[in-house]
Amino acid sequence: MEIMPQFVTVFCVMSAVIVISQLVRLSEILVTFGLSVENLLLPFLFILMPFISIIVPISIMFAILLAFSRLSADGEFTAMIASGYSLRRALRPVLAVTFVAYLIALLGAVYFEAWGRRETLQFYHRKTQTELDNMIRYRMKPGVFLDDFLGYVLYAEHISPDRTRFENVMLGPGHNTQNQHFTLLAPAAAITGSVEAGDLRMSFDYGIIYTTKADSDDVSVIKFKRAELDLLSIFREQIFGPGSAEDDYRSYTPGELSRYVDSVKDSKEPKDRENYLKARFLYHQRMSMPFACFAFALFAMVLGIQDERRGKNHAFLGASLAIVLGYIAMMSFKFLAEKGMLSGPAGAWLPHLLMTGFGAFMVYQKNRLPPSESIFDLRHIPGLRNLRRRAKMRAD
């Protein structure tokens with residue numbers, strides 16, 4: 001009862017933080033597709049899904065931390081210890097709640113993350129079709145410059161009735177493509193394919209491209225019989241950034257991701273080898289990331305207990321430090337696994353197992369000691385105490 005309301009509150013706060021951190025990306029969506037309820041709410045939902053497996057462990061950590069801090073501050077935990085209710089016994093309901101959070105995080109990592117990425121791509125495809133249809137059918141007019149055609153300036157002297165063929169066409173860089181210096185002229189152009197089929201292209205026939213360098217007045221002239229512009233790739237780079245197509249395996253379900261890993265496992269291509277290592281680690285990371293709930297829960301129990309005789313407590317600082325160190329550990333093992341210096345399962349599971357083991361040790365120590373004693377005092381560790389006693393006897 002103490003943990004669950006705190007968990008919901010922290011989860012909502014963390015979700016809001018994630019959404020705020022993506023405002024720049026969302027603003028590009030609104031600028032590109034216009035302001036509407038659908039364009040505002042659906043991207044929020046799709047962007048949030050891949051972060052569920054990260055938000056849930058942090059939320060359960062701060063929820064347990066707040067619950068035990070409140071019990072300690074009100075003197076209730078001291079009364080519980082005095083009546084024989086040990087920290088080990090308090091661990092049972094905490095682990096029960098943590099197990100529920102673990103299942104939520106596991107569901108988010110295995111299914112919601114891939115679902116969110118797939119739905120994001122489909123959302124952009126639908127909006128791209130609508131935007132291009134609106135641009136070509138209504139905004140593009142014969143003899144008028146269209147200065148926001150996917151970041152380029154497009155001009156056509158004549159447009160066919162079905163608005164798929166153009167005559168005397170000019171294409172040049174727009175305001176957002178300052179690093180490009182070219183002008184394409186062609187007597188004929190056409191738009192083929194569709195967004196649904198993933199092959200929407202604009203082709204130019206028997207044209208000329210004039211290119212210049214930013215620091216030079218030299219002009220290069222290239223004549224061509226046919227040139228094609230991949231409209232979907234341009235949209236994808238505008239919204240997701242360059243190179244986003246290389247991460248398509250992140251939208252795969254567990255079965256699809258496993259088959260993808262098997263398909264590129266024996267490939268000799270350097271790019272396939274790199275994708276194999278990353279995809280293999282991602283497959284195991286989706287299973288292991290939710291396990292951080294247990295490590296963070298154990299940390300929170302110990303950090304939340306404070307000595308009432310002391311003034312301030314540094315529980316939140318300790319929790320923040322635990323998150324930072326855990327993140328560094330996970331990123332370090334990820335780097336080793338993606339470089340082939342460590343196997344995928346080891347890179348995904350080892351940091352969580354190490355953190356959980358350390359958290360279990362902290363709970364064990366705290367259960368043996370009163371709240372006023374530090375668990376990091378080496379004198380209270382039985383094994384080390386016996387070693388020190390034997391060393392002292394030998395010295396005597």
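Predicted model: local features only at pLDDT ≥ 70, side-chain atom pairs only at ≥ 80, totals over all residues.
**Stop 1: the main core.** Select Met61, Ile64 and Phe68. These residues have the most contacts inside the largest nonpolar core, which has 43 residues. Now colour the helices α1 (3-21), α4 (52-73), α6, α10 (292-304), α11 and α12 (344-368). Each supplies at least two residues of this core. The largest share, twelve residues, comes from α4.

**Stop 2: around Met61.** Which residues does Met61 touch, leaving aside neighbours within four places in sequence? Show Phe296, Phe299, Ala300, Ala319, Ala322 and Ile323: Met61 is in contact with each of them.

**Stop 3: aromatic pairs.** The model has 13 aromatic pairs. Zoom in on Phe46 and Trp115. Their ring centres are 5.7 Å apart and their planes meet at 75°, so this pair is edge-to-face. Phe46 sits in helix α3 (residues 37-48) and Trp115 in helix α6 (residues 87-139), so the pair ties together parts 69 residues apart in sequence. Phe46 is buried, at 6% relative accessibility. Trp115 is partly exposed, at 30%.

Next, select Phe99, Tyr102, Phe291, Phe294 and Trp349. Ring pairs link these residues into a cluster.

**Stop 4: the surface.** Switch to a surface view and pick Leu321, Val324, Leu325, Tyr327 and Ile328. They form a nonpolar patch, with about 500 Å² of accessible area together.

Terms used. Residues numbered from 1 in each chain as written. Heavy atoms only, no water. Patch = residues over 30% accessible without salt bridge, like charges linked within 9 Å, V, L, I, M, F, W, Y side chains within 5 Å. Areas by Shrake-Rupley, 256 points an atom, 1.4 Å probe, with all protein chains shown as cover. Salt bridge = Lys/Arg side-chain N within 4 Å of Asp/Glu carboxyl O. Phe/Tyr/Trp six-rings, centres within 6.5 Å; stacked < 30°, edge-to-face > 60°. Helix = DSSP H or I, 4+ residues; strand = E, 2+ residues; numbered from the N terminus. Buried < 20%, exposed > 50% of the residue type's maximum accessible area, 1.4 Å probe, protein only. Core = buried A, V, L, I, M, F, W, Y, C linked by side-chain atoms within 4.5 Å. Contact = heavy atoms within 4.5 Å.
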